[in-house]
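I set down here what I looked up in this two-chain model, in the order in which I looked.

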Amino acid sequence: MNDWRYRFAEQRGTLLALLIFLVMFVIYVSNHPAGFTANVVQTAANKGVLLAFVAMAQTFVVLTAGIDLSVGMVFILCNCLASYLVVGSPSTTALGLFAVLATGLVCGAINGLVVVFGRLQPIVVTIATGAIYFGLALLLRPNPGSTANFNSDLADALTGKLPGGIPASLVALFVVVLIIWVPFRRSVIGRAAYAVGSSETAAYMSGMPTRSAKLVAYALSGLLGAIGGLFLTFFTYSGEASLANGNTYTLFSIAAVVLGGVSLFGGKGSAIGAIFGALAFRTIGDLLFVFDLDPLWQPLFQGVVLLLAICLGSARLFQVKNRLDLFA
Amino acid sequence: MDDVVPLFRMEGISKRYGGVKALENASLTVQAARVHAILGENGAGKSTLIKIMSGVVAPDAGRMLLEGQSVQFANPAAANAAGIVCIFQELSLIPDLTVADNIVVSNPPTRFGMIDRRAQRRIAEEALARAGGEDIHPMALVKDLPLSRRQIIEIAKALARKPRLLILDEATSALTAADVSKVFDVLRRLRAEGLALLFISHRMHEIAEIADDCTIFRNGRNVATYRAGSKTDNEVVELMIGREYSHVFPPKKPLPPSDQPPVLDVRNLSWTQRLKDVSLTARAGEVVGLGGLDGQGQRELLLALFGVLRGASGEVLIDGKPTRIGSPRVAKSRKIGMALIPEDRKTEGLMLPMSVRDNLSFAALGNLSHAGVVDQRAERAAVDEMIRLLAIRTDGIDVPAGSLSGGNQQKLVIAKWLMVSPRIILLNDPTRGIDVGTKEEIYALLRKLADSGAAIVLYSTEYDELVGLCDRVIVLYDGAIKRTLVGSEITERALIGSALNIATDDREPGAKPVVEA
C-alpha cells in the first residue's frame with residue numbers, strides 16, 4: 001500500500017534530474033526565436049544524445065564505485081573506426097556496425113580485466129588505457145576525414161525525423177535503454193554491480209558474483225561508448241581523432257552522471273537519471289545561446305550550475321556525528 | 001552418540017595469521033536439531049573458526065566432514081551451497097539495496113534471465129515473517145533501518161538460503177530483549193525442523209536459555225564440551241580464563257591522597273545511543289583502564305574525549321576547569337595536552353609510506369618550528385631522543401614507517417605523541433597484534449609515564465593487561481558504566497563477570513552465580 005513511497009524514494013535522483021532538465025528545456029524553448037518546433041527539438045536531441053550515451057557508459061562503472069576516464073577515448077576511437085567501416089551495401093554496413101560495437105566492448109572489457117585482476121585503481125587504469133585508445137584513433141585518422149562510400153543513408157535516417165516529427169536519435173536512445181539498461185538493471189549481474197558499489201565486502205560475503213559484475217559493468221561501458229561514437233559519425237559523416245573532444249566528453253560524462261543523481265561513491269543511481277543529467281547539462285550551454293550571451297561565458301556558467309547541483313548532494317554531511325565518518 | 005553420523009565435524013583445524021596462531025588443532029562436532037553454543041574470550045579463536053566453517057578463510061591444516069563426507073569450501077558461496085549459512089557479527093547487508101534485494105541476494109528468483117521481482121517480494125515477505133520481522137517493508141533501503149531491524153533482516157536472509165547448519169555469530173548483540181525472545185522463538189522452531197544451530201554470544205543468560213550443548217574455546221583450542229546446564233557460570237568463566245599470567249608488569253605505586261583536582265574529570269558524557277552518562281576521573285600519575293566486551297562504547301568514549309564526535313553532551317573538566325574540546329587540534333593544544341594512541345595504527349596512527357622522522361614530528365611540528373618553518377636541527381634532536389628513549393629498532397630515521405615491524409610501528413605511534421609531552425594519554429588497545437617482548441616494553445613505558453605525572457586512560461581487550469597495569473578499571477556495558485574496580489578488586493574473574501553483565505562470586509569458586517536480569 002505504501003509501496004509508492006519507496007518507489008518514489010528509489011527514483012528521487014532520476015526525478016530530480018528530469019525536473020532540472022524540464023525546467024531548463026522549457027526556459028530554452030520558450031525563449032527560442034523559433035519556439036517549440038520539430039526542428040528545434042531535433043537539433044537539441046541530436047546534441048544531447050551523444051553526451052547521453054557517454055554518460056550512460058560512465059554510469060555502469062560509477063555504480064560499481066569506480067570511474068572510467070577512458071569513455072571519451074573509446075567514443076573517439078569508435079568514431080574514427082566507424083568512419084572507415086560503416087560503408088557500402090547494407091550487409092557491409094551491418095558488418096561495420098558490428099565491428100565498431102565489438103571494438104567498444106573489447107576496450108571496456110580490457111579496462112575491466114585490468115581493474116579486476118590487476119586490483120588497480122580504476123582511475124589510473126583508465127587514464128592509461130584511454131591514452132592507448134586515443135593513440136589507436138590517431139593512427140586510424142591522423143587527419144580528420146571520411147570515406148567516399150560512407151553509408152550516409154543510414155546516418156541520415158538515424159539523425160533525422162520520424163513521422164510525427166519525433167527525432168530518430170531519441171528513439172535510438174530509448175531502444176538502447178530498453179535493450180541494454182533495463183535488462184542489466186533487472187539481472188543478477190546488474191544487482192551485483194550495485195552491491196559491489198555499495199559495499200564490496202558485504203557483496204563478497206553474501207556470495208555475489210562481484211568480479212563478473214565489475215567486468216560486465218566495464219564492458220558495457222565500452223559498448224555504450226561505441227554507440228556514442230557511431231552516432232558522432234552519423235552526425236559528422238567523418239572521423240576525427242580529437243583529443244579535446246575526448247577529454248571533454250569524459251569530464252562532461254562525470255558531470256552528467258552526478259547531475260543525474262548517480263553517487264560517485266557507487267551503488268546508487270540509474271542510467272536514466274544520467275541521461276537526463278546529460279540532457280540538462282547540454283541545455284545549460286544552449287540557454288546562453290537563446291539569451292544571446294557571449295559563448296565565452298559557457299564554461300563558467302556550466303561550472304557554476306554544476307557546482308550548485310553537487311552542493312545539494314553533500315548537504316547530508318551536516319548530519320554526520322562521528323567526524324571519522326567524514327573520511328570513510 | 002557414536003553410532004550417529006554428526007551433521008558436521010571439524011578435526012585438527014589450525015590457522016595462523018602471520019605470526020599469530022588463531023586456531024591450533026581445534027575440533028568441533030555439531031548435531032542436527034540442536035543448538036550448540038560456542039563460548040570464549042575475545043581472541044579465543046571463535047571468529048576464525050566460524051570463518052573457516054563458512055568458507056571465508058581456508059584452514060592451514062585439518063579437515064571438515066559434512067555428514068561423514070570430507071568437504072572444502074573455496075568461498076562463502078560454496079559453503080552456502082552445502083547448507084552452511086553464517087550470520088556474521090559484522091553485518092553483511094548491502095546498504096544501498098532494498099530489504100527484499102538483500103534477502104534473496106545470493107540466489108534471486110529469475111524469469112527469462114531477469115530477476116522476478118514479484119517472486120522476490122514473496123520470498124522476502126515469507127522469510128521476514130519466519131524471522132519475526134513482519135513489520136519491515138520489503139522495499140525499504142537497508143541503510144535507512146536501525147541496527148536491530150537489520151539484524152532481523154540478516155536472519156531472514158540466512159533463512160531464505162534454506163540452511164542445514166545456521167551459524168549466529170553475536171547475532172543477538174544488537175537486539176532488544178523483546179527482539180531476542182522473538183528470535184529465540186524462531187530458533188526453537190528451526191531446531192524442531194531439524195536444523196543445526198551454532199550460537200555464539202557473550203550473553204550468558206541467552207546461552208543458558210537457548211543452548212543444548214556448549215563448547216568453550218581458549219587460545220585457539222576447544223578446551224571443554226558439555227551439556228548446557230551441567231556447569232555453573234563460575235566454572236565456565238574459569239574455563240574461559242584458564243591461563244597463567246604470561247606478561248611481566250611493572251609494579252604499581254599507590255598514589256598519595258591529594259587535594260588537587262584531577263587532570264581529567266568527565267561528567268555525564270553521552271553520545272547518540274552509544275554512550276550513556278559516562279563519568280570518570282583520572283589523576284596525574286594514575287592509570288585508568290576501560291574494560292568490558294569489545295564494542296560496548298570504549299572506543300567512542302576515547303573519541304569523544306579527543307573531540308572527534310559531534311554532538312556529545314556532558315561536561316569535561318581539565319585541572320578542574322570546564323573545557324570544551326571541539327577537535328583533535330584543540331585536544332592536543334598545550335593548555336589541555338591530550339594525546340590519543342589510536343586503535344588502527346596503519347590508518348589512524350601512521351602515514352606508512354612517509355619516513356620515521358616525518359611521522360614522529362607530525363604532532364609536534366608546532367613546537368619544532370619558527371614562523372612556520374621547521375627547525376631541522378631541533379627536529380633531528382627530538383626524533384633521535386625519542387628513538388633512544390623507546391628503543392625503536394629502525395634503520396635510521398629516513399626509512400619509511402611501513403618498513404618497521406608491527407611492534408616498532410606501535411612504539412612509533414606512542415613516540416609521536418610523547419613528542420608533545422602530553423599530560424593526558426588515551427590509548428585504544430595499544431598492544432593488539434604485537435609480540436610479547438614489545439608488549440613488556442610498552443607496559444614499562446606506560447607506568448613510567450604515569451610515574452612522571454601523566455594521567456593515562458587505557459582501553460584493552462586483554463583482561464590481564466587491565467589487571468597488571470591499571471590502578472582503577474571502569475567496565476562498560478552497552479555504553480554505560482557497569483562497575484568500577486579499584487586496586488585488588490581488579491581480577492580477571494571480576495572483569496569477565498562484569499563484562500558479561502553477570503555477578504560472579506570472587507571468594508568462593510563454584511558458588512551458585514546470580515544472573516542479572
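How many bridges join strand E9 (residues 165-169) of chain B to E10(B), and do the two run parallel or antiparallel? I counted 5 bridges between E9(B) and E10(B), and the two strands run parallel. Before going on, I note that this is a predicted model, in which local features need pLDDT of at least 70 and side-chain atom pairs count only at pLDDT 80 or more, while totals for chains, interfaces and linings use all residues. Residues are numbered from 1 along each chain as its sequence is written, and chains are lettered from A and ligands numbered from 1 in the order in which they are written.

**Entry 1: strand E10 of chain B**

I use DSSP runs for the elements, numbered from the N terminus: helices are H or I with at least four residues, strands are E with at least two. Two strands pair if DSSP finds at least two bridges between them.

I then checked burial, counting a residue as buried if 20 or more other C-beta atoms lie within 10 Å of its own, exposed if 12 or fewer, and partly exposed in between, with C-beta atoms placed from the backbone. E10(B), residues 196-200, is mostly covered, with 5 of its 5 residues buried. B:Ala196, B:Leu198 and B:Ile200 point one way from the strand, B:Leu197 and B:Phe199 the other way.

**Entry 2: two open sheets in chain B**

I traced an open sheet of 4 strands in the order E2-E1-E4-E5 (chain B), with antiparallel pairing. Strand E2 (20-30) and strand E5 (69-71) stand at the edges with a single partner strand each, so one side of each has no neighbour in the sheet. On average, neighbouring strands of this sheet are turned by 30 degrees against each other, direction ignored; axes are lines fitted to C-alpha atoms, for helices over the stretch in contact, and angles run from 0 to 180 degrees between N-to-C directions. Helix H1 (residues 46-53) of chain B packs on the sheet, where it touches strand E1 (8-17) and E2 of chain B, and its direction makes about 60 degrees with that of E2(B). For contacts, I require the C-beta atoms of two residues, placed from the backbone, to lie within 7 Å. Strand E4 (residues 61-66) of chain B pairs with E5(B) over 3 bridges in the antiparallel sense; B:Val71 in E5(B) is the bridge partner of B:Met64.

A further open sheet of 4 strands has the order E14-E13-E16-E17 (chain B) and antiparallel pairing. Its edge strands are E14 (275-282) and E17 (321-322) of chain B, each pairing on one side only. Strand E16 (residues 313-318) of chain B and E17(B) pair over 2 bridges, and B:Leu317 stands opposite B:Pro322 in E17(B).

**Entry 3: helix H15 of chain B**

H15(B), residues 406-418, has 13 residues and reaches 19 Å from its first C-alpha to its last. The expected value is 18 Å at 1.5 Å a residue, taken as 1.5 Å times one less than the number of residues. As 12 of the 13 residues are buried, the helix is largely enclosed by the rest of the structure. Among the buried residues are B:Lys411, B:Lys416 and B:Trp417.

**Entry 4: the chains and their contact**

Chain A has 13 helices and 0 strands, whereas chain B has 18 helices and 24 strands. Buried residues make up 47% of the 328 residues in chain A and 46% of the 517 residues in chain B. The C-alpha trace along its principal axes spans about 60 × 50 × 40 Å in chain A and about 70 × 60 × 45 Å in chain B.

I found 24 residues of chain A in contact with 28 residues of chain B. On the side of chain A that touches chain B, two or more residues come from each of helix H1 (3-31), helix H7 (168-186), helix H8 (188-198) and helix H9 (200-205) of chain A. H8(A) gives the most, with 5 residues.
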